[in-house]
Amino acid sequence: MRFQDKTTTIEAAIAEIPNGASVMLGGFGVPGTPFCLIDELVWQGQTGLTIIKNDANETGMGVDHLLKNGQVARLITTHIGLNARAIEMMNAGDLKVEFCAQGILAERIRTAGAGLHGFLTDIAIDTELAEGKHRVELDGRISMVETALKADFALLHAEGADPFGNLVYAATARNFNPLMAMAATQVIAETETLLPIGAIDPNHVHTPGPFVDKVVTLNELTKEYAVVQR
Amino acid sequence: MSNAKIRMIRRAAREIEPGMVVNLGIGLPTQVIDQLPPDMPVCLHSENGISGIGPTQPYDKADRNLIDAGGAYVSPLPGSAYFDSATSFALVRGGRLDLTMLGAFEVSMTGDLANWKIPGLFTPGAGGGIELAQKARKVVILTTHQDRKGRSKIVRQCSLPLTAKACVDRVFTDMAVIDISPEGPVLREVREGLSVEDVVAATDAPLIVPKGEIPRF
């Protein structure tokens, strides 16, 4: 028995994304953000995108290139405090921003990935984030319904991958990547290192290959992956 | 940093007990780490997916893949663990986080917290703050007593959008230590060099002042 080889070029992988697609992006700040896949998306120029990412990176990095290029119609996120452009575009009405509590964003993604429709929670129940959410009483407690969050595409960053798409993440670069890996129709992972099949100990796989559709090997890392000296 | 702020941070550090799992918010709370005895058994959590945060690293020694939720380059310790964001918040919501220290724009006399949005001026989003405020077993606030315009941050009622309702247990400021009790805010300690009257005058919410000597910090 052999495993399918899912390696492809960055151009071919990103060319699958049509205008108007919903796209999840891994990463929390710099670690785990697929900067090269994002750069290719900027280069190809698909528009009207719904971007789902924990944060909007910083000005001049990652998601910011998509915003600057006018490719994003809607951003589902938890925090955009380090990107002045995102805040400006939101205030000017040029970008629709939907804020989620961070763990609720993670759980909505995980829930979709697990093939479920939603879950009940009291997180943010006394805040403006609760507006318009359906309330349910269960076991004497009032909860809100949080819906599962799926996307057409997930773009991930892995430290290591094999051709079948078994993925390993480094340190805090894991964050949303393994959750998004489960929650999109097409899952594209960029990897710093392509390892031969069998090189990753099955005990150490973070995202199992069956979740991943395409593997793109990075020849070199751009400067955006480096330590940010603020 | 002013002497008053250093005193506040030192006092807040004494709130951390051996064996606790603790999340320190961005800003003033992060600085509490430096005040902890090095041999103290405590596990620091950050919502981006690490338990057991070690010392902050200079840029030339930093691991580009290892930050805390505030973006500071940190290091692992023997015994640290990395995990995804769903696991990270399972730890918070599931009751495994003993203590969180957060910043504030406003704290109300009933323990409501506003720290994520100033409409029209500043809308960064709440990040993980809502879950930390709502689900940590103990929520303490570190903040200057007044804002830059001299207005009290401990108010009768929050005017800003809430992070969570009735979530705050204790407030450390550069002037006082205040507990949020069912009866209202109780003045527990006053900073060295200030009188009880100074603190009461600087506070919008009506403070309950217990009889007897109020300890200094």
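Reader: Which residue lies over the face of Phe164(A)?

Author: First, the ground rules. This is a predicted model, where local features need pLDDT of at least 70, side-chain atom pairs count only at pLDDT 80 or more, and totals for chains, interfaces and linings use all residues. Residues are numbered from 1 along each chain as its sequence is written, chains are lettered from A and ligands numbered from 1 in the order written, and side-chain values use heavy atoms, leaving out hydrogens and water. A charge sits over a ring if NZ of Lys or CZ of Arg is within 6 Å of the ring centre and within 35 degrees of the ring normal. Here Lys6(A) lies over the face of Phe164(A), 4.0 Å from the ring centre.

Reader: How many aromatic pairs are found over all chains?

Author: A pair of aromatic rings is described by the distance of the centres and the angle of the planes. Rings of Phe, Tyr and Trp (its six-membered ring) pair with centres within 6.5 Å; planes under 30 degrees apart are stacked, over 60 edge-to-face, the rest tilted. The whole structure has five such pairs. One of them joins Phe99(A) and Trp116(B): centres 6.2 Å apart, planes at 80°, so edge-to-face. This pair crosses between chains.

Reader: Are Phe99(A) and Trp116(B) buried or exposed?

Author: Buried means under 20% relative accessible area, exposed over 50%, partly exposed in between (1.4 Å probe, protein chains only). Both Phe99(A) and Trp116(B) are buried.

Reader: What about Phe105(B) and Phe122(B)?

Author: Their centres are 6.3 Å apart and their planes at 70°, so they too are edge-to-face. Phe105(B) is partly exposed at 24%, and Phe122(B) is partly exposed at 37%.

Key. Helix = DSSP H or I, 4+ residues; strand = E, 2+ residues; numbered from the N terminus.
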